[in-house]
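User: Please take a close look at the aromatic residues of this protein.

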Amino acid sequence: MRVIRENRLLATVLVVVSTVAGAAGAQTITEFPVSAGPYGITRAQDGSLFFTEFGGEKVSRMTTAGVVTNRFPIPLTNPLPFDITTDSAGNIWFTDALKEVILKMTPTGTFTFPSPYSVSGGGYGIVAGPDGKMWFTQFTGNRIGRLDTVSGNATFIDLPTPGSTPTGIVVGPDGNIWITEKGSNKIGRITMAGVLTEFTVPTAGS
């Protein structure tokens, strides 16, 4: 549980980076102060942003002008929300590492049945897959999960190296799932058929 506690030190701001007009390669950073340790962030279908409050036990909505319009309390005792994503229907999904569950809510803040989905093994990253399933990493379970949102059942792909600590996850331009393996210094690619290919990062201990 050390990883979870260390993450409480995150700065309580959201950062937007954009290119400065007329200055090739130059960037400007705009920070928006928010409360309670923002962690994961996702773009909603209406163009707003939803982010998890790691220390505030909420999921919040922000406009691109930096105005927080809603803060939705998570209906669990002492939750620790991590990563967050949006599915093709516009619903918001996020992981709770301490409770080992995945939760789903509408953009208006309604938590929908059956939620939370129980998944043991420390849920971390989450993404909506092209197969309509929710894919997620389990950093203590050392595996990748695929949640069927209709049945509520999850299937898992174990990583071959013990202690791989999978964290980040994204859908690649090839339609496959890509993950980071912090503990084994690798990047993994998983097809929709569940075939895993790993690529070692050239720099040791990256």
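Which residues form one aromatic cluster?

Analyst: This is a predicted model, in which local features need pLDDT of at least 70 and side-chain atom pairs count only at pLDDT 80 or more, while totals for chains, interfaces and linings use all residues. Residues are numbered from 1 along each chain as its sequence is written, and side-chain values use heavy atoms, with hydrogens and water left out.

The cluster is formed by Tyr39, Phe54, Phe82, Tyr124 and Phe139. Thr167 itself lies in strand β15 (residues 166–171), strands being DSSP runs of E of at least two residues, numbered from the N terminus, and Thr167 counts as buried at 14% relative accessibility, where buried means under 20% relative accessible area, exposed over 50% and partly exposed in between, with a 1.4 Å probe and protein chains only.

The structure holds 12 aromatic pairs, that is, rings of Phe, Tyr and Trp (its six-membered ring) whose centres lie within 6.5 Å, with planes under 30 degrees apart called stacked, over 60 edge-to-face and the rest tilted. One of these pairs, Phe94 with Phe111, is edge-to-face at 6.3 Å centre to centre, with 80 degrees between the planes. This pair links distant parts of the chain, 17 residues apart, with Phe94 in strand β8 and Phe111 in the loop between β9 and β10. Phe94 is buried, with a relative accessible area of 0%, whereas Phe111 is partly exposed at 23%.

How values were computed. Helices (H or I, at least four residues) and strands (E, at least two) are DSSP runs, numbered from the N terminus.
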